[in-house]
Amino acid sequence: MASPRRIGMLIFPRLTQLDMTGPYEVLARLPNTTVDLVARTRDPVTTDRGMQIVPTTTYTDCPALGVVMVPGGPGQQDLMENEAALGFLRKQAASAKYVTSVCTGSLVLAAAGLLKGKRATSHWAAVDHLKLLGAIPVREKVVVDGNIVTGAGVTSGIDFALALAAILEGEAVAREIQLQIEYDPAPPFDCGSPQTAAPAILEAVKARLAKLSEERRVVAARVGKKLGV
């Protein structure tokens, strides 16, 4: 049997857990695959909503990965200027078969210099910040550009992971996993994107996210200058 495929998901304080746990549920079901949760230390990581997640390995101890994945969340802007995290990503990306992200995790990949000239997506409220970091923003749920695979906001991580599963193991396996997890979206409201939300709801959510979006823009602009964008 071939060596197990190793997928590493970077976790950090104030990540959005569904950015990581949605893809984990899909990718951990792939045959002959090990999924690691990678953090600076093995101490539990507290998400933006208070859940604690226990890492399985550290930047130092993590073996070479076939797939690197970065989720998003409010803590992402701290990671964008964290040289230990960025160095880990650059090192792993040099030999990884695929470099991937969900939600604002793409801003972290871009901060590491891994998305220059690449098409990528992110959460709808943050996707335009990618251009400050040298990437090409694309408002789609899943974007593939060479070995870079990015997913849009939060729940898009499941779509992202199924698309990645098809790339890694074939569409039949991805379809079987989709059925196993009964991923058959039928939301009670047609309000899951800026295109379908009522204008009043969209404006209310934009206002709620405005401070965080501006913080992200400031960090992205600062990091982009360091990258020579």
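Where is Y59 found? Y59 sits in the loop between strand 5 (57-58) and strand 6 (67-70). This is a predicted model, in which local features need pLDDT of at least 70, side-chain atom pairs count only at pLDDT 80 or more, and totals for chains, interfaces and linings use all residues. Residues are numbered from 1 along each chain as its sequence is written, and side-chain values use heavy atoms, with hydrogens and water left out. Helices (H or I, at least four residues) and strands (E, at least two) are DSSP runs, numbered from the N terminus.

**Y59**
- Y59 has 15% relative accessibility and therefore counts as buried (under 20% relative accessible area; exposed is over 50%, partly exposed in between; 1.4 Å probe, protein chains only).
- Leaving aside residues up to four places away in sequence, Y59 touches L10, V38, A39, R40, L79, A84, A85 and F88 (contact means heavy atoms within 4.5 Å).
- From C-alpha to C-alpha, Y59 and L168 are 24 Å apart in space, and they are 109 residues apart in sequence.

**Helix 1 and helix 5**
- The axes of helix 1 (residues 17-27) and helix 5 (residues 156-169) cross at roughly 30° and come within 8 Å (axes are lines fitted to C-alpha atoms, for helices over the stretch in contact, with angles from 0 to 180 degrees between N-to-C directions).
- Helix 1 and helix 5 are therefore roughly parallel to each other (angles under 35 degrees; over 145 is roughly antiparallel, 65 to 115 roughly perpendicular and the rest oblique).
- Helix 1 contributes G22, P23, V26 and L27, which meet G157, I158, F160, A161, L162, L164 and A165 in helix 5.
- By class, this contact of helix 1 with helix 5 has 9 nonpolar, 2 polar and no charged residues (Ala, Val, Leu, Ile, Met, Phe, Trp, Tyr, Cys and Pro are nonpolar, Asp, Glu, Lys and Arg charged, and the others, Gly among them, polar).

**Helix 5 and helix 6**
- The axes of helix 5 and helix 6 (residues 171-180) come within 7 Å, crossing at roughly 145°.
- On the helix 5 side the contact is made by L162, A165, A166 and E169, and on the helix 6 side by E171, V173, A174, I177 and Q178.
- The residues of this contact of helix 5 with helix 6 divide into 6 nonpolar, 1 polar and 2 charged.

**Helix 7**
- The buried residues in helix 7 (residues 199-226) are L202, S213, R216, V219, A220, V223 and G224.
- These buried residues of helix 7 pack against helix 2 (76-79) and helix 4 (105-111).
- Just after helix 7, G228 takes a positive phi of about 80°.

Notes
The bend at a residue is the angle between axes fitted to the seven residues ending there and the seven starting there.
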